[in-house]
Amino acid sequence: MIELLEKTAKHNGLVTAFALVGLVMLVSMWMSRRLTFGRVHGSAIAILIGLGLAYWGGIQTGGKQGLADVSLFAGIGLMGGAMLRDFAIVATAFEVQVVEARKAGLVGAAALLLGTLLPFVVGASVAWAFGYRDAVSLTTIGAGAVTYIVGPVTGAAIGASSEIMALSIATGLVKAIMVMVGTPMAARFLRLKTPRSAMVFGGLAGTVSGVSAGLAATDRRLVPYGALVATFHTGLGCLLGPSLLYFATRSLVA
Amino acid sequence: MIIYGTALLAVCHLLGIFLGDLLGTLLGAKTNVGGVGIAMILLICARLYMHKRGMMPQTTEMGVAFWGAMYIPVVVAMAAQQNVVSALRGGPVALLAAFASVLACAGCIALINRSERPLPESESDADKHPAPKHA
């Protein structure tokens, strides 16, 4: 009986994922209303539950994909994978107010540049403080502080060791998770209210996953504006990391 | 038909990713440069163009709107497959580097957003430093 049920779930991975995420949403909406009286957004709780499940999945299987490594829930990997994530993000552009987006174009671009340089400098400085002295390690860890994709792309390009790469990915992941969890709490401090502020946030906070989840948990209507800018973040980082930022670091260290 | 909307979304998505890859190759960045962003801009343009010509009936719009509404569940699924274990095992360097850069960026965002035209209810924000509660 149980085996039959398990087989059904395994053979219908994506459908199982829909049901599971629906359940998670139901529970978190209920918790939001009953336990926090609507003060913490249901989506924020759902994302936290998701991260918790990912931790459980990682501990259970020792894999890298959280819950998606548990064969019963492999469909989560498809539902939350890059393909459907990007598809859904693009769909949110349907609600963009063109006038608003255009007004903030320049400040969004400025935030984007700042959002690459600032984390890099801070990340590399922390690495320096912990005793890393070679340009390759400093650049890779600094790039990891930009996003967890920029880190390994940069590291691979300039020949960093796998240990440093793992560290750099971890840095980016921790940052993404901090943004996901922290944004709804810091929304007032960050003045996240208008499309323009969401675009500034998208440029500076980086990581499509962190920005989109953070904004989703703060105000669903701001998601497309933040994502529109954040999507250029990884590209810009991968562009600058192994080139300009590496050369600058090298000239400073040597 | 509802599939027209979804198909339009799919075409914009594919074209955007393709152009992003092309841009990345041209710039030598080894990665996709703004593919999703380009796709979003394409979709916005398509909507404006088709709206003007009355080629966008309600059902077609629903084919896109559904996926926009599926956004949060997809993000929850995305959160559920992050490598949380290795992020937490990264040790103090990863934690500190991430925390410091998040703080620096948060400060910057707050600063820039405060320069925006004053909001109607900003007088209640005299509490200048309810420090970002990131922990």
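Two residues are in contact if their C-beta atoms, placed from the backbone, lie within 7 Å. In this predicted model, the contact between the two chains takes 68 residues from chain B and 91 residues from chain A. The points below cover the side of chain B that touches chain A, then the make-up of chain B, and finally one residue of chain A.

**Where chain B touches chain A**
- The elements of chain B that give two or more residues to this side are α1 (2–27), α2 (35–52), α3 (58–69), α4 (71–79), α5 (84–89) and α6 (91–114).
- The largest share comes from α6(B), with 19 residues.
- By residue class, the side of chain B that touches chain A divides into 47 nonpolar, 16 polar and 5 charged residues.

**Make-up of chain B**
- Chain B has 6 helices and 0 strands, and its elements run α-α-α-α-α-α from the N terminus on.
- Chain B has 135 residues, of which 43% count as buried.
- Among the contacts in chain B with a separation of 6 or more, 55% are accounted for by residues 24 or more positions apart.

**R191(A), a residue in a loop**
- In chain A, R191(A) is found in the loop between α10 (162–190) and α11 (195–205).
- The phi angle of R191(A) is near 60 degrees, a positive value in a residue other than glycine.
- R191(A) counts as buried because it has 22 C-beta neighbours inside 10 Å, where the cut-off for a buried residue is 20 or more.

Notes
Residues are numbered from 1 along each chain as its sequence is written. Chains are lettered from A and ligands numbered from 1 in the order in which they are written. This is a predicted model: local features need pLDDT of at least 70, side-chain atom pairs count only at pLDDT 80 or more; totals for chains, interfaces and linings use all residues. Helices (H or I, at least four residues) and strands (E, at least two) are DSSP runs, numbered from the N terminus. A residue is buried if 20 or more other C-beta atoms lie within 10 Å of its own, exposed if 12 or fewer, and partly exposed in between; C-beta atoms are placed from the backbone. Ala, Val, Leu, Ile, Met, Phe, Trp, Tyr, Cys and Pro count as nonpolar, Asp, Glu, Lys and Arg as charged, and the others, Gly among them, as polar.
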